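Here are some friendly notes to read alongside the model. Please keep the structure open while you go through the points.

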Protein chains: 2
Amino acid sequence: MTTHVDAGTDPRHRTVDTDLRRRAAAVVPNGMYGHLDMRTFPAIPQFIARARGARLWDVDGNEYVDLMCSWGPVILGHADPVVEEAAERQRRQGDCLNGPAPVMVELAEALVRTVAHADWAMFAKNGTDATTMCCTIARAATGRDAILVAAGAYHGAAPWCTPFPAGVTAADRANLLHYRFNDIASIRAAVGDKTDRVAAIIVSPFRHDAGFDQELVDPAFARDVRAYCDEIGAALILDDVRAGFRLHHGGSWEPLGVHPDLTPWSKAIANGHPLAAVTGTDRYREAAGSIFVTGSFWMGAVAMAAGLATLGELERRDAVAHMSELGGQLRTGVLDSAARWGFDVTYTGPAQMPNLAFRDDVDHALAIAFSAEAQARGVYVHPKHNWFVSAAMTSDDLDMALGGLDGAFAALRARHPQHGAR
Amino acid sequence: MTTHVDAGTDPRHRTVDTDLRRRAAAVVPNGMYGHLDMRTFPAIPQFIARARGARLWDVDGNEYVDLMCSWGPVILGHADPVVEEAAERQRRQGDCLNGPAPVMVELAEALVRTVAHADWAMFAKNGTDATTMCCTIARAATGRDAILVAAGAYHGAAPWCTPFPAGVTAADRANLLHYRFNDIASIRAAVGDKTDRVAAIIVSPFRHDAGFDQELVDPAFARDVRAYCDEIGAALILDDVRAGFRLHHGGSWEPLGVHPDLTPWSKAIANGHPLAAVTGTDRYREAAGSIFVTGSFWMGAVAMAAGLATLGELERRDAVAHMSELGGQLRTGVLDSAARWGFDVTYTGPAQMPNLAFRDDVDHALAIAFSAEAQARGVYVHPKHNWFVSAAMTSDDLDMALGGLDGAFAALRARHPQHGAR
């Protein structure tokens, strides 16, 4: 089936991108790596020149409405003027100094005020730093080693959690136990009689494993996992690195009334400035103060000033409501287009972070062809990862996105009359 | 002995710093953590307001000549105008984008051109990211698990390497073997007959373990460890995170003619902007391309533009020679002052990264009192960690530093007539 799917031709110029890919391949292994590696999606530009609001331009000058938001970090829009002004004000004083700047205290106070369960905050640079710190804090607090992780969940790219095993040792994973998302029985089964070995259960606010339909959390599961952690004396870690501040301003499980013990944050916390954080409850404060974690740039004051401004603007603009509203219109429009052109699709997850997939799409071939057609029409989407809506999206941006995506469905239908029909 | 050492009184104002410490203690475990935690050195301000060149100001407005350089990152001086202009140019285009900006290629090309052994480069955010990536690459390349680490060496703050064990599991360290710096026999002894288990030996360019006299590398040891890695088929990882670009522009062991296989870089690479890198040889290129590592901000283009400008300016200003020259004058002046006031001190390591210690100084009490006196005289030094000289240091800065440090020795002698006398 996949051999019949034609990835399409891109009418847009790609000469600068092609040249940069060639140069990159000489001086970077494979030319690029990690989640931004576009080798397997040649229709998606590898190199980006600039961005503003909900638009971005590739190195060949092609314009896109941005439905990836730099894979999550951009939540108020690229180069948000309020955030950038706050960053510039701090930059004139200093960034990487011999100690933290006062803004570290203001940001921690803002997080404690904003995040429902937070009694304290710590800062780092990567989402992986924050998820790893949560595990270390839970281990220090409990004196136990084991961490329960949902099979297939992404919690970062350190050896203990990276999704591809090259260079990873058995010891790196020796203390992991696996459960199925939304399945409390699978947690009990994974733990068995080893309740006194479990330091923490880490869980995403919803199932957002790349390449799969997303799955919202069952509120009963959220409550059950909270109760089970209390029962066995383990920490509940809610990994809000990807979803944080897009679903709820005070934590993604706040609408359920379920409070984690520890939360790692990153991505959207400073609208693209490099920052991560851990928040926790007083019960875990002493343990958090007992571990040694640090980084040369963790107290960088510019990213913290950007984070403080981002938290303020998200609240002031009621950004979650806006993203939810626009995301809802995006969902309606995409599903209308898919139906119009006769494609049987799934469109899963929260409206602000949707995942589009074609049913029975072997090796994501239709999704890859669709995203190529979307890129060619100025809509930046990814075929195997959830999209992100930002608060900068206007109705003009939405119209451009829906028009381009409708055109992509039409083109796909024209070239593949039999594929994906319902 | 330590009970007799008086830390001295600080005539400088500390009211703002004191207030910020109090607020921080409410919302951050212990108020601060990691290497910037000044709780045990109350004479050192915890919070820094601003910095320019080789000077910085604490939140109470006290001015210091900076001999810590933000613990290494600041190498051209705080807020270097050339670096900041390059960063600002990139910032106007974009920072955290949906893919890397062209500057990623330019920076990788510059590193391959600059670093003698480098055939390729990869980028990250923390020094710990880079040291961990080197281990993962070595493991992927060799199919082996064990890493040899010098006892007491600092290679970052992830569970496999952080110097304090709270929250660390036995599994995190299961694949480490330990040797003594500058002792090739200790390497052979640690490996024994397990040569086919060793993925890599990681080594600092000189011994710079905090709290100890520093020790330059014995050139014969460097050559022997290189030959031994070749003999057993393991990777030689030269951890240049702390020393990189201060001792030699192309790698800290270049003067010895000893080339590592893999080098982690961070700290000074972008003059304080958050950036880390790994460079490696073609032999490790395929393995480097096989691992999955990434971070939301790793392709941040502003830090890369700052890095590119930093590499260029370091070369253009012959920064290593300047730092070596000024560092040499600092050493001469400090040793003269110590002798004048009758203190028996050690002043170890490269001139650009010296470590001052008092002989027989139980619990570093004299060093702590000395650094308090230095802070009170406007010289920012640390009592238990090597200092850093930057290329921004002028003869005026040096005079201010030497004057303040001489005054600190004098004050220490006045209050402790018997201590540390030779």
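Which residue is the bridge partner of I48(B) in strand 2 of chain B? The partner of I48(B) there is D58(B). The points below build up the picture around that pair and then move on to the domains and the chains.

1. **Ground rules.** You are looking at a predicted model, in which local features need pLDDT of at least 70 and side-chain atom pairs count only at pLDDT 80 or more, while totals for chains, interfaces and linings use all residues. Residues are numbered from 1 along each chain as its sequence is written, chains are lettered from A and ligands numbered from 1 in the order in which they are written, and side-chain values use heavy atoms, with hydrogens and water left out.

2. **The sheet in chain B.** Let's begin with the sheet that holds our opening pair. In chain B, 4 strands make an open sheet with the order 1-2-3-13 and mixed pairing. Strands here are DSSP runs of E with at least two residues, helices are runs of H or I with at least four, and both are numbered from the N terminus; two strands pair if DSSP finds at least two bridges between them. Strand 1 (48-52) and strand 13 (379-380) of chain B sit at the edges with a single partner strand each, so one side of each is left without a neighbour in the sheet.

3. **Pairings in chain B.** Strand 1 and strand 2 (residues 55-58) of chain B run antiparallel and are joined by 4 bridges. These two strands form a hairpin with 2 residues between them, and G53(B) in the turn has a positive phi of about 55 degrees. Strand 3 (residues 63-66) of chain B pairs with strand 13 of chain B in the parallel sense, over 2 bridges. There, V65(B) has V379(B) as its bridge partner in strand 13 of chain B.

4. **The sheet in chain A.** Chain A has an open sheet of 4 strands in the order 1-2-3-13, with mixed pairing. Its edge strands are strand 1 (48-52) and strand 13 (379-380) of chain A, each pairing on one side only. Strand 1 and strand 2 (residues 55-58) of chain A are antiparallel, with 4 bridges, and W57(A) in strand 2 is the bridge partner of R50(A).

5. **On to strand 3 of chain A.** Strand 2 of chain A also runs antiparallel to strand 3 (residues 63-66) of chain A, joined by 3 bridges. One bridge pair to find is L56(A) with Y64(A) in strand 3. Strands 2 and 3 of chain A form a hairpin with 4 residues between them, and G61(A) in the turn has a positive phi of about 85 degrees. Strand 3 and strand 13 of chain A pair in the parallel sense over 2 bridges.

6. **Two domains in chain A.** Chain A is divided into domain 1 (14-66 + 321-415) and domain 2 (81-317), with bounds from an automatic or database domain assignment. Their centres, taken over C-alpha atoms, are 28 Å apart. In contact (heavy atoms within 4.5 Å) are 17 residues of domain 1 and 13 residues of domain 2 of chain A. About 1300 Å² is buried between these domains, 59% of it on carbon and sulfur atoms; buried area is the accessible area (1.4 Å probe) that two parts lose on being put together, summed over both.

7. **Where the chains meet.** The contact between the chains takes 97 residues from chain A and 97 residues from chain B. The area buried between chain A and chain B is about 7900 Å², with 60% from carbon and sulfur atoms. In chain A, Y33(A), N98(A) and F292(A) lose the most area to chain B, together 12% of what that side buries.

8. **Salt bridges.** A salt bridge here is a side-chain nitrogen of Lys or Arg within 4 Å of a carboxyl oxygen of Asp or Glu. Across the interface of chain A and chain B the rule finds 2, and R23(A) meets E109(B) in a salt bridge at 2.8 Å, N to O. Inside chain A, D19(A) and R22(A) also form a salt bridge, at 2.4 Å, N to O. These two residues are 3 residues apart in helix 1 of chain A, and so are separated by about one helical turn.
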